[in-house]
Amino acid sequence: MRKTIISIILFLSCIIPASAQFADMGGNDPFGNNRMDNQNGMNGRNTSSDSTEQVDQYTIKRYFKSLAHKDTMAIGWAFAGSILLPGTGQIYNGDYWKLPILYCGIGGMIGGGCYYNSQFKKTGSSIDKRNSNIFFIGAAVFYWAQLLDGAASYQTYRPHLPGRATVYSTLLPGLGQIYNREYWKLPIYYTALAVSGYCWYYNNMQYRRFQSDYIKASNPDGGYTGTLSAENLQYYRDLYRRYRDYSILATVLLYILQIIDADVFGTMSDLNDSQPSVSMKLEPTVIYPISTDFNHSYAVTGLSSGALGFQLSVRF
């Protein structure tokens with residue numbers, strides 16, 4: 001398990017710098033937001049007086065200026081801010097009425113979870129433990145909802161925002177593909193995630209089973225009644241533990257893959273929508289001279305004022 005976690009951390013350490021590098025290419029902020037969002041502003045907001053500051057250097061000072069609506073904030077920074085400070089997206093979007101619901105919901109759920117958890121420690125009741133888990137899950141749902149709401153309510157002049165697709169897929173696998181209108185990918189990703197998740201569950205169950213039997217077989221008074229030796233039990237325990245780690249790694253890679261897919265194809269869709277349509281048309285026409293003094297050259301064609309030719313029209 002430790003090796004799997006280390007492998008995931010190393011993989012993410014390679015992915016994050018690469019994504020930051022692609023974000024800088026073409027003048028894009030994190031999560032694929034064009035820097036013109038920062039230059040032109042949103043909802044009529046003007047940028048700060050120090051407009052000479054480079055827009056790709058987003059500091060804590062600019063973060064609080066953005067919350068005061070004196071500067072703009074890319075959706076990637078709004079999402080990151082909402083992770084560290086819940087309610088950042090709601091404040092930046094001007095949805096102040098949502099803040100009491102958010103803070104009361106998170107605070108109340110955490111308070112209820114702590115209360116029932118203390119009761120469980122005193123009584124050992126399974127009902128108190130269940131209630132504690134329900135309240136803590138409710139707090140997590142409120143926290144997750146404010147992240148999703150901040151991204152959904154984020155306003156920009158662009159009809160399609162790649163960063164929104166990235167945030168959507170980060171919060172819920174497949175939601176970014178729905179935003180990009182690539183519905184045909186949903187069965188692929190959900191099937192792959194379901195298979196890897198089931199393998200994770202099955203291999204972990206087998207690992208725990210052989211781990212328990214191995215402990216019993218290694219102890220003379222363990223009460224093991226099976227037919228496998230301790231060495232065989234150890235072999236199968238290590239085997240299923242390795243399979244479980246592979247299943248965890250596969251699930252994480254699939255999750256990251258669908259995020260990258262949402263960002264890349266969201267960016268491509270945005271580029272296709274932003275490109276002007278160009279059409280070219282070639283058709284026969286009559287070419288007329290600029291001056292009638294040169295009309296004698298068209299006598300051969302039988303036309304008194306022009307000649308046959310082709311016209312090429314390019315429309316932008």
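These are my notebook entries on a predicted model.

**Entry 1: the whole chain**

I started with the secondary structure. The chain comes to eleven helices and four strands. Next I looked up burial. Of the 316 residues, 34% count as buried. Then I checked the surface. The chain exposes about 19600 Å². Carbon and sulfur atoms supply 63% of that area. Residues 24 or more positions apart account for 59% of them.

**Entry 2: cysteines**

How many disulfides does the structure hold? I found zero. Cysteine 104 has a relative accessible area of 58%, so I list it as exposed, the cut-off being over 50%. Cysteine 199 has a relative accessible area of 32% and goes down as partly exposed.

**Entry 3: helix α8 and arginine 164**

Helix α8 spans residues 162-171. I find it mostly covered, with nine of its ten residues buried. Among the buried ones are Pro162, Gly163, Val167, Tyr168 and Leu171. Arg164 is on that list too.

I stopped at arginine 164. Is this residue buried or exposed? Its relative accessible area is 11%, and buried means under 20%, so arginine 164 counts as buried. I then listed what arginine 164 touches, leaving out residues up to four places away in sequence. The list reads Ile75, Ala151, Ala152, Tyr154, Gln155 and Tyr179.

**Entry 4: salt bridges**

I searched for salt bridges and got eight.

Arginine 62 pairs with aspartate 71. The closest N and O atoms of this pair are 2.8 Å apart. Both arginine 62 and aspartate 71 are buried.

Aspartate 95 pairs with lysine 98. Here the closest N and O atoms are 3.4 Å apart. That is within the 4 Å cut-off, so the pair counts as a salt bridge. Aspartate 95 is buried at 16% relative accessible area. Lysine 98 is buried at 17%.

Lysine 185 meets aspartate 261, with 2.8 Å from N to O. Which parts of the chain does this pair link? Lysine 185 sits in the loop between α9 (175-179) and α10, and aspartate 261 sits in helix α11. The two are 76 residues apart, and I note the link as one between distant parts of the chain. Lysine 185 counts as buried, at 5% relative accessibility. Aspartate 261 is buried as well, at 9%.

I also checked for shared partners. Asp95, Lys98 and Asp149 are joined by salt bridges into one network.

**Entry 5: aromatic pairs**

A search of the whole structure gave me twelve aromatic pairs. I wrote down two.

Tyrosine 63 and phenylalanine 64 have ring centres 5.1 Å apart. Their planes stand at 75°, so I file the pair as edge-to-face. Tyrosine 63 is buried, with a relative accessible area of 13%.

Tyrosine 202 and tyrosine 240 make another edge-to-face pair. I read 6.5 Å centre to centre and 75° between the planes. This pair links distant parts of the chain. Tyrosine 202 belongs to helix α10 and tyrosine 240 to helix α11 (residues 230-274), 38 residues apart. Tyrosine 240 is buried, at 18% relative accessible area.

Which residues form one aromatic cluster? I get Tyr198, Tyr202, Phe210, Tyr235, Tyr236, Tyr240 and Tyr243.

I came back to tyrosine 202. Its helix, α10, runs over residues 186-218. Tyrosine 202 is partly exposed, with a relative accessible area of 31%. Patch residues need over 30%, so tyrosine 202 passes that cut-off.

What makes up the nonpolar surface patch? Tyr198, Tyr201, Tyr202 and Met205 do. The patch covers about 440 Å².

Technical notes
Residues numbered from 1 in each chain as written. Predicted model: local features only at pLDDT ≥ 70, side-chain atom pairs only at ≥ 80, totals over all residues. Heavy atoms only, no water. Buried < 20%, exposed > 50% of the residue type's maximum accessible area, 1.4 Å probe, protein only. Contact = heavy atoms within 4.5 Å. Patch = residues over 30% accessible without salt bridge, like charges linked within 9 Å, V, L, I, M, F, W, Y side chains within 5 Å. Areas by Shrake-Rupley, 256 points an atom, 1.4 Å probe, with all protein chains shown as cover. Salt bridge = Lys/Arg side-chain N within 4 Å of Asp/Glu carboxyl O. Disulfide = S-S within 2.5 Å. Phe/Tyr/Trp six-rings, centres within 6.5 Å; stacked < 30°, edge-to-face > 60°.
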